[in-house]
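Here is a short report for someone meeting this structure for the first time. Look at the sequence and the model, then read on.

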Amino acid sequence: NLASIEVNDYLKKIPARKSVKIKPLKVVNLELLFELTRPDVVETVTIQNNNSARIHFRLVLPIDVVVFANPEDQWGQLQDQFVKAVSTQLYEMDQCIQRYTKRKSVPIPQAFHFELPESTTLTTVIYPAGYSEKDLEPQRKELHHKLGLEDKPYLRRSMAYSFPNDDLLNMYLRTIHKYIPPPSSEDFQVFVVHGSYTYHHYLQDGINDGGWGCAYRTLQTILSWYNYQGYINVPIPTHEKIQQMLVTAGDKGPGIVGSTDWIGSFEIRSVLNSFGITSKIMNIRSGSEIALAARELAEHFEVQGTPVMVGGEPLAHTLLGVAWNEETGAVRYLVLDAHYTGEDDWASVIDKAIDWKDDDFWDQLEPYNLCLPQRPWGV
């Protein structure tokens, strides 16, 4: 898995007890140049006359290839790899142009790199610019069949691989759970969220929501997941926008807008429904019984793969996965804490805001309502 070898300076500050063992990977960006003239070669020019109708166009192709190399590799070997990668991509761009050209409308082909299950390299797909995800679905279905992928998104453009330095450009930290070690595979089966999301928590965006905004932040994280998986393409709503949506849906009165009122799982479901996202509500009588839902939660992460909102008066948490031992009944929970109030610093967040929790993390006497967002069908 590429996540386990991705490294950057900010990751080196993560406490050793909390982080995965990272094998260094250095990204070297190279600029591709073509020699336009070859003075040592005498060119032979052949002119043909063909009166058939044809389209003439000129495109600047945005070549973008990824080559994996070891420090001990010889430069000549790397040159061969680059030439092969560029040649392959030029061919695939030509196929893309032919497939999507309509009369005199010629698309610009673009390269996207994806991290796929059980793969230690990146898979590159060429898509035409200016087309919607729905327009590209037939191509994705062909690729899913060719690559043997499940019937869930892997190759939508919003899911393209984020290189180490790309994370520094994001306003919010992305998919942070991949940097902490899961429980032992000898003791548990591990089921976690599928795909990317951004982490939202107290005091972000200049909003002082400490003590009341945790469910709003959990909803923002959930919606970011749907954005990254390409199911929706919307700005992450503010607290006030969420409140306005609840009023529009008829779930709250106008007085909630601009207030510090707490919301729960049912309100989360209502807002998600406004975006066309269905959800299931799971009622847990007390925190001592959450472990009894382990099988259903494991199935949710395996099939749906969406973040789960866990609401209990007055706290809300984001559940990103479960580790379950079916024989012993032991369960651990991957909890992302929206109550964090520190800086968006990788080391601090991973140390303080996310962890695998035991049963005693939950208030044993408190009832909980879980909102389990459902994944739409299609690739």
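In this predicted model, the axes of H4 and H5 cross at roughly 85° and come within 10 Å. Axes are lines fitted to C-alpha atoms, for helices over the stretch in contact, and angles run from 0 to 180 degrees between N-to-C directions. H4 is therefore roughly perpendicular to H5; that word covers angles of 65 to 115 degrees, with under 35 roughly parallel, over 145 roughly antiparallel and the rest oblique. On the H4 side, Ile242, Met245 and Leu246 make the contact; on the H5 side, Glu267, Ser270, Val271 and Ser274 do. Contact means heavy atoms within 4.5 Å.

H3 also packs against H4, at about 90° with axes 10 Å apart. These two helices are therefore roughly perpendicular as well. Tyr216, Arg217, Leu219 and Gln220 of H3 meet His239, Ile242 and Gln243 of H4.

The table gives the make-up of both contacts.

The largest nonpolar core has 47 residues. Such a core is a set of buried Ala, Val, Leu, Ile, Met, Phe, Trp, Tyr and Cys residues joined through side-chain atoms within 4.5 Å. Buried means under 20% relative accessible area (1.4 Å probe, protein chains only). Ile176, Ile263, Ile268 and Leu272 have the most contacts inside this core. Elements giving it two or more residues include H3 (214–228), H4 (239–248) and H5 (265–274). H3 gives the most, with 8 residues. Leu272 touches, among others, Leu219, Ile222 and Leu223, leaving aside residues up to four places away in sequence. Apart from this core lies another, of 21 residues, including Met282 and Phe301.

Now the whole chain. It has 7 helices and 9 strands, which are DSSP runs (H or I, at least four residues; E, at least two) numbered from the N terminus. Of its 379 residues, 45% are buried.

Finally, confidence. The average pLDDT is 90, and 91% of residues score at least 70; pLDDT is the predictor's confidence in each residue, from 0 to 100. Over residues 1–7 it stays under 50. Where pLDDT is low, the predicted coordinates should not be read in detail.

Residues are numbered from 1 along each chain as its sequence is written, and side-chain values use heavy atoms, without hydrogens and water. Local features need pLDDT of at least 70 and side-chain atom pairs 80 or more, while totals for chains, interfaces and linings use all residues.

Notes. Buried means under 20% relative accessible area, exposed over 50%, partly exposed in between (1.4 Å probe, protein chains only).
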